[in-house]
Amino acid sequence: MADDSAAKKAGTTTDATTRPWHRATTAAREGWRAWRARQVHGEGPREGAGAGGRPYPAGTTCLWRVRTTVREEPGSLARVCGALAAGRVDILTLQTHPLGDRTVDEFLLRTPAALEAPELTRLLSEAGGDDTWAERADAHDLVDTPTRILGLATRAALDSAELPLALRTLLGRCTIRSVPGDTPAQGTLEGTLLRLPDPAGGEIVVERHHVPFTPTEFARAHALVQLDARLGRRAPREQHALTLPEGRAVSIRRADEGDLDAALAMHARCSKQTLGSRYHGPVKDADRYLRHLLSPRFGRTLAVESPAGELVALGHLLWDGDETEAALLVEDAWQRRGIGSALLRRLIGMAREARCESVYAVTQSSNTGMVAAMRGLGLPLDYQVEEGTLVVTAALTPAAVAPR
């Protein structure tokens with residue numbers, strides 16, 4: 001969805017009053033977000049029941065990430081641990097974040113499956129905890145904190161596109177944006193808002209509404225950004241062959257801003273209908289989105305090259321706040337050869353590696369090719385339609401469609 005998301009992330013504005021396609025795209029996406037919010041927060045199974053309202057099997061457990069704030073005084077942590085033990089809750093990891101006269105205790109817990117967030121909150125509240133926050137965790141969270149941070153640093157060191165994902169994994173559910181700005185080199189911490197200097201220019205804004213950031217989290221995030229700045233732009237350069245049905249072979253590789261001229265040349269060879277279907281707006285605006293789309297700061301891009309070395313298709317996986325978008329552009333002469341489907345499968349693989357819960361695609365209702373490619377993934381799909389704009393969302397994990 002290169003129209004409004006690109007403008008938003010680049011710090012530009014879009015005149016929605018003169019562009020009905022923009023209003024339709026926004027409305028369709030907001031419909032998806034409202035549906036997802038209902039699934040995540042409001043329409044879960046009853047307590048003590050699993051999927052479909054069926055009782056959990058005996059001995060079933062769940063993982064939770066939980067934070068609670070206690071007074072910094074002798075015995076406060078012991079009271080919290082004792083309350084959890086009384087509720088048959090197993091503490092797997094514990095981190096403490098000192099805040100003067102108070103301390104934020106962060107736990108990874110294994111609980112009986114029937115124990116829901118309100119009951120966890122009650123247990124902790126009775127033990128002196130307040131501002132409690134809980135969300136379901138998964139097996140990835142079982143890695144101890146130093147190992148997890150070293151792994152994130154390694155991923156970020158190999159690929160510039162990993163920095164937003166590393167920050168999101170480090171800080172939990174949050175919204176990360178790269179925007180114009182002039183943040184001081186040391187960055188700023190403002191409650192639920194972090195501002196960090198972006199090595200690519202501008203600033204990285206990290207927002208987490210449900211719980212304030214701690215100085216420890218700020219220091220870790222700042223260290224990741226400093227690592228990115230010292231290493232400069234980098235991306236994996238390996239290529240993979242794709243054999244088309246007619247027997248010709250093309251190559252798929254990562255793309256970045258160095259491919260701008262080749263991408264512009266491909267635009268020039270594309271029809272107005274193809275560009276309009278991809279960018280959902282005036283064709284004359286398509287070229288100006290490319291530099292943004294190719295930047296590793298906003299996502300990952302795959303390029304398809306012909307045997308002659310021409311760029312003939314692009315696939316984008318874009319970090320859209322705490323959501324993820326997939327978008328495809330295939331040059332007219334290379335359409336209906338399986339290139340789009342192959343790109344989409346690889347983008348979905350990247351999204352899984354990044355632990356994304358879902359991926360959405362914005363297209364026109366008449367774009368049967370994109371709809372068919374999404375259906376070909378064999379994943380649960382949700383459809384939202386507004387004024388001819390279609391948002392198709394593929395759930396990558398049960399958490400994307402199941403209540404937390």
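User: How do I read burial, and does T301 count as buried or exposed?
Analyst: A residue is buried under 20% relative accessible area, exposed over 50% and partly exposed in between, with a 1.4 Å probe and protein chains only. T301 has 2% relative accessibility, so T301 counts as buried. The model is predicted: local features need pLDDT of at least 70 and side-chain atom pairs count only at pLDDT 80 or more, while totals for chains, interfaces and linings use all residues. Residues are numbered from 1 along each chain as its sequence is written, and side-chain values use heavy atoms, with hydrogens and water left out.

User: Which strand holds T301, and which residues is T301 in contact with?
Analyst: Strands (E, at least two residues) and helices (H or I, at least four) are DSSP runs numbered from the N terminus. T301 lies in strand β11, residues 299–305. Contact means heavy atoms within 4.5 Å. Setting aside neighbours within four places in sequence, T301 is in contact with R253, R254, A255, L293, L294, L314, G315 and H316.

User: What joins the side chains of T301 and H316?
Analyst: A polar contact is a pair of N or O atoms within 3.5 Å; within protein, one atom must be able to donate a hydrogen and the other to accept it, and residues adjacent in sequence count only if both atoms are side-chain atoms. Here the side chains of T301 and H316 are joined by a polar contact of 3.0 Å.

User: How do I read a nonpolar core, and how many residues has the largest one?
Analyst: In soluble globular proteins, nonpolar side chains tend to be buried together. A nonpolar core is a set of buried Ala, Val, Leu, Ile, Met, Phe, Trp, Tyr and Cys residues joined through side-chain atoms within 4.5 Å. The largest one here has 37 residues, and V304, L317, I339, L343, L344 and M374 have the most contacts inside it. Elements that each supply at least two residues of this core include β11, β12 (311–320) and α11 (339–353). Helix α11 gives the most, with eight residues. L317, not counting residues up to four places away in sequence, touches several residues, among them F298, L347, M350 and V359.

User: How do I read a sheet, and in what order do β5, β6, β7 and β8 stand?
Analyst: Two strands pair if DSSP finds at least two bridges between them. These four strands form an open sheet in the order β5-β8-β7-β6, with antiparallel pairing. Its edge strands, β5 (175–179) and β6 (188–190), each pair on one side only. β5 and β8 (residues 203–207) are joined by five bridges, and V179 stands opposite E203. Another five bridges join β7 to β8, where L196 has I204 as its bridge partner. β6 and β7 are joined by three bridges, with T188 partnered by R195.

User: Which residues in the hairpins have a positive phi?
Analyst: The hairpin of β6 and β7 has two residues between the strands, and G191 in the turn has a positive phi of about 70 degrees. Five residues lie between β7 and β8 in their hairpin, where G201 takes a positive phi near 110 degrees.

User: What does the whole chain come to in helices and strands, and what share counts as buried?
Analyst: The protein chain has twelve helices and 16 strands. Of its 404 residues, 50% count as buried. Among contacts between residues at least 6 apart in sequence, 67% join residues at least 24 apart.
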